[in-house]
Amino acid sequence: MISPLKKQNIRNVAIIAHVDHGKTTLVDAIMKQCHLFRDNQDEMTQNQILDSNDLEREKGITILAKNISVRYKGFKINVIDTPGHADFGGEVERTLNMAQGCILLVDAQEGVMPQTKAVLKRGLELKLKPIVLINKIDKKLANVKAAIDEVQNLFLDLATTDDQLDFPILYAIGREGKVFLELPEGDLTVANSTTGDITPLLDTILEYIPEDDAIEEGPFQMQVNAMEYDPHNGRYLIGSINRGSLKVNDSVALVVDDSEKAQIVRGKIKRLLVREGLGWEDITSANAGEIVAIAGIDSKAIGGTLCDPSKIEAMPALKISPPSVYIKFEANTSPLVGKEGKFVTASLLQKRLDQEAENNVTLEIKPGDGGSYIVAGRGELQLSILIETLRREGYEFQVRKPQVVLQTIDGVVMEPLEQLFIETPEAYLSAVTQELSNRNGQMVDMRSIGGHTKFEYKILTRKLFGLRNELITQTKGNVVLSSAFSEYVKKVDDGDIYRKGVIISTDAGEARAYALNMIQERGILFCKPADKVYEGMIIGMNKYDEDLDANPTKERHKTSVRMNQAEVTQVSLKQYQGLTLEFALAFLNEDEILEITPENLRLRKSHLAKTERDWLRRGNLSEFAKKKMGIE
Ligand SMILES: Nc1nc2c(ncn2[C@@H]2O[C@H](COP(=O)(O)OP(=O)(O)OP(=O)(O)O)[C@@H](O)[C@H]2O)c(=O)[nH]1
Ligand SMILES: [Mg+2]
């Protein structure tokens, strides 16, 4: 068994940056060069090793913050890899207070981006010692000097003390595992044109980042920053020991807040573990300043404080910024309910969302009306990741149109506004400006460099829904866009983003090629032959503004010769466009529902019967109609 370390021999550092600036790739290099893997182990040839869950791999982004440890020159360095996408900013906030220093990565071409600012602001508020690393200096359009200027201005803006302005600057080609104290000479765009390794970074960490200011003597105290679960030992509470030390079998008390009625959960330490490389190792005792995982306390409180029972003292609550977007979840009410999911009932959905609320402090989950759940997060992406996760686990449910979280400040209703950056080849300049003007975006800046145009906009969060998809289509994938919450502004009373009418199925059954072939003349199809349909289901998008009814189950007229199989497949659906989660969430209107099963996404009207929708369209509902539709 390994022996406990003193905090003098431990350094805790978080890697922070805007999305895609190379954090996880840099951690690959640290792990490989510190020999966490044998030379012949698979990981030695893998990239983004820490992005280990399926959705992280598929999307090529980090979703959850994770930490690893390496040994270097007699020290143990705990490295925390954080996500750069603004939607997962809560993960950064949750984990940063386990560190004393941060490595701020800045892409040498992109420079300072919205999330660079957001994460650095947070790090400096927590008094972390920063190290700046200008990364990707091998890029053709890299402009190291401009990037440094932007970083320096950012620090002048954000520093809370003078000594925060005194930070080391390093240069790196993270992908090649090379960090430099001075900018290397020569043509860096040629692969492996320089020699180097990761040690300048590790040495700078040891030199600049202080040991944890945890208190070595005194009653044990630790804030819970994360949780992990294993079937044998149950829940592990993870955090960095703030005061005192801890042994296996010690009694501890967990307190969630410091109010009078704070609940206290007592327990005994069954197992104590510390980070070694990518895994955890058992240890019999641990000291202040060590990041540990503890089994034996049956509580769910991230943010709670574990204490010596003789001195119960809660630490200040974790500061996580409030969410700006929410989606309503409900049990599936479609005519096809229960056909495709493993977990279908409202109570199973509730149980799963309760579990998510316990484990994920970056989402706010609370009951809504009529057995629904309101799930609030930082943006469409964060919420769609939850939806996709549930779906893959076998859940079947339905959601409503995403909404922004409004705030009332001094009696004025306010809504969230975002700062938005877009980069695209000049050829698509007008596509971008046109789309943004449709969404009432306000241009703040526009610059062209080397055939690329960079835009900065201010745009209401609700006008941002679906923009990524739209621009990807219009620029044939040649666009990078990123946004971050900026501020709350007075709510504007303008309409939603323009959307065309939909094509609604009048009948239930199986869609037929014969019928779809005719319907596609009217717009774009969301369903294909043999798909199950029902009355009120949205099977496509109309070319025009109004909604349109159509029967996709119609077969060729009885008297004519039936189409044989060959004929059916010959019908080519030129206008078919399968639904993706991102598209469907952005497409939904208020009176519509997105049905989600492990196998299918279906859009539908909330009132399925055509008669009811006709009543609604005409307005002035009769008592009979109101009763029938359950409207007060
Ligand atoms: N040219 C160049 N590309 C790099 C370098 N380092 C990383 N990349 C590429 O940048 C992309 C993003 O890298 P990641 O390490 O996933 O970035 P990240 O900061 O962890 O991204 P998020 O966690 O999603 O915020 C990958 O395609 C990498 O191959 C570098 O030094 N030079
Ligand atoms: Mg990453």
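**View 1. Serine 69 and asparagine 78 across the pairing of β2 with β3.** In this predicted model, serine 69 stands opposite asparagine 78, a residue of β3. The two strands, β2 and β3, are paired in the antiparallel sense, and seven bridges make up this pairing. Where the hairpin of β2 and β3 turns, two residues lie between the strands, and lysine 73 takes a positive phi near 50 degrees.

**View 2. The surroundings of strand β3.** Seven of the seven residues of β3 are buried, so the strand is largely enclosed by the rest of the structure. Both of its faces are covered, with Phe75, Ile77, Val79 and Asp81 buried on one side, while Lys76, Asn78 and Ile80 are buried on the other. β3 also runs parallel to β1, to which six bridges join it, and within this pairing lysine 76 of β3 is the bridge partner of isoleucine 10.

**View 3. The open sheet and its strand order.** Seven strands form an open sheet of mixed pairing, in the order β2-β3-β1-β4-β5-β6-β7. β2 and β7 (residues 178-180) are the edge strands, each of them pairing on one side only. From one strand to the next, the twist averages 30 degrees. In general, the strands of a sheet pair through backbone hydrogen bonds, in either a parallel or an antiparallel arrangement.

**View 4. Strands β5 and β6, with helix α1 against the sheet.** Strand β5, residues 129-135, and strand β6, residues 169-173, run parallel and are joined by three bridges; valine 132 stands opposite isoleucine 169 of β6. Helix α1 packs on the sheet, where it touches β1 (10-17), β2, β3 (75-81), β4 (101-107), β5 and β7, and the direction of α1 makes about 145 degrees with that of β1.

Conventions:
Residues are numbered from 1 along each chain as its sequence is written. Chains are lettered from A and ligands numbered from 1 in the order in which they are written. This is a predicted model: local features need pLDDT of at least 70, side-chain atom pairs count only at pLDDT 80 or more; totals for chains, interfaces and linings use all residues. Side-chain values use heavy atoms; hydrogens and water are left out. Two strands pair if DSSP finds at least two bridges between them. Helices (H or I, at least four residues) and strands (E, at least two) are DSSP runs, numbered from the N terminus. Axes are lines fitted to C-alpha atoms, for helices over the stretch in contact, and angles run from 0 to 180 degrees between N-to-C directions. Contact means heavy atoms within 4.5 Å. Buried means under 20% relative accessible area, exposed over 50%, partly exposed in between (1.4 Å probe, protein chains only).
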